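Here's a quick briefing to read alongside the model. Have the viewer open and follow the topics in order.

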Amino acid sequence: MARIVTVFGASSARPGSPAYEEALRLGRLLAEAGFAVCNGGYGGTMEATARGARQAGGHTIGVTNAVFDPSPANRYIADERKAPDFFERLRRLLSLGQAYICLPGSVGTLTEFSLTWTLLQTGALAPRPLICVGAPWRAVLDAYRAHLPVRPKDLALITLVDTVEEAVSAVQDFPRCRSGR
């Protein structure tokens, strides 16, 4: 099995929108770099990253949620893994990923980001990349810095980038994500 990158993002992005096209490019770039793409399996940027990866010959994993039945996984998911509830879905998304990329999203994406960050910060997850793409994440982290007692070493667990190309490079630069490791 290829190394796996779990991607979080907006379910509301539609084909042709800038968010969808960026996610499509991310999926393609990850597959071309030899990574499998894992995500929540439904629409929006989940569909886009899976679509980009599949079009580039990559493997895709969608962790869907029985709570949403009978909603099927998007057609670009090769390997659907249905979780019984939200908590198990989050656990599986995190356990599958050797790296995490957060695209702009909404409350669900913020939840996924926050849980991932907490598990890295507490050591419950072994060190691995947590990469946030775009200006919305800069604003979120600026709000944390301004209003919450977040330590610099905790902020250092997050890599902020402007583009999906930089996100893929950041994953490739992490020793445990390189080929053969």
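Two helices, α3 (86-96) and α4 (107-122), each supply at least two residues of the lining of the largest pocket; helices here are DSSP runs of H or I with at least four residues, strands are E runs of at least two, and both are numbered from the N terminus. This is a predicted model, so to speak of local features takes a pLDDT of at least 70 and side-chain atom pairs count only at pLDDT 80 or more, while totals for chains, interfaces and linings use all residues. Residues are numbered from 1 along each chain as its sequence is written, and side-chain values use heavy atoms, with hydrogens and water left out.

**The largest pocket**

- The volume of the largest pocket comes to about 340 Å³, a volume being the space filled by probe spheres set on grid points that are joined across faces, edges and corners.
- It has 18 lining residues, and the closest to its centre are Gly9, Arg89, Gly108, Thr109 and Glu112.
- On the terms: with a 1 Å grid over the protein atoms alone, a pocket is an open set of points where a 1.4 Å probe fits, with protein on both sides within 12 Å along at least five of seven lines, and a lining residue has an atom within 4 Å of a point.
- By class, the lining of the largest pocket splits into seven nonpolar, nine polar and two charged residues. Nonpolar covers Ala, Val, Leu, Ile, Met, Phe, Trp, Tyr, Cys and Pro, charged covers Asp, Glu, Lys and Arg, and the others, Gly among them, are polar.

**Aromatic contacts**

- There are six aromatic pairs in the structure. Rings of Phe, Tyr and Trp (its six-membered ring) pair if their centres lie within 6.5 Å, and planes under 30 degrees apart are stacked, over 60 edge-to-face, and the rest tilted.
- Why is the pair of phenylalanine 68 and phenylalanine 86 edge-to-face? Their ring centres are 5.5 Å apart with the planes at 85 degrees, so that is the class they get.
- That pair links distant parts of the chain, with phenylalanine 68 in the loop between β3 (60-65) and β4 (79-83) and phenylalanine 86 in helix α3, 18 residues apart.
- Phenylalanine 68 is partly exposed at 32% relative accessibility, and phenylalanine 86 is partly exposed at 42%. For reference, buried is under 20% relative accessible area, exposed is over 50% and partly exposed is in between (1.4 Å probe, protein chains only).
- Phenylalanine 113 and tryptophan 117 make a tilted pair, 5.4 Å centre to centre with 35 degrees between the planes. Both sit in helix α4, four residues apart, or about one turn of the helix, and both are buried.
- One aromatic cluster takes in Phe113, Trp117, Trp137 and Tyr144.
- Which residue lies over the face of phenylalanine 35? That's arginine 3, at 4.2 Å from the ring centre; the test is NZ of Lys or CZ of Arg within 6 Å of the ring centre and within 35 degrees of the ring normal.

**Cysteines**

- The disulfide count is zero, a disulfide being a pair of cysteine sulfur atoms within 2.5 Å.
- Cysteine 38 is in no disulfide, and its nearest cysteine sulfur, that of cysteine 102, is 13 Å away. Cysteine 38 counts as buried at 0% relative accessibility.
- Cysteine 132 is in no disulfide either; the nearest cysteine sulfur, again that of cysteine 102, is 4.3 Å away. Cysteine 132 is buried, at 0%.

**Individual positions**

- A cis peptide bond, with omega of about 15 degrees, joins aspartate 69 and proline 70. Proline 70 is in the loop between β3 and β4.
- Threonine 116, in helix α4, is buried at 0% relative accessibility. Its C-alpha is 9.2 Å from that of leucine 90, 26 residues away in sequence.
- Isoleucine 101 belongs to strand β5 (residues 99-102) and is buried, with a relative accessible area of 0%. Between isoleucine 101 and cysteine 132 there are 5.9 Å, C-alpha to C-alpha, at 31 residues apart in sequence.
- Glycine 62 lies in strand β3 and counts as buried at 0%.
- Arginine 91, in helix α3, is partly exposed with a relative accessible area of 45%.
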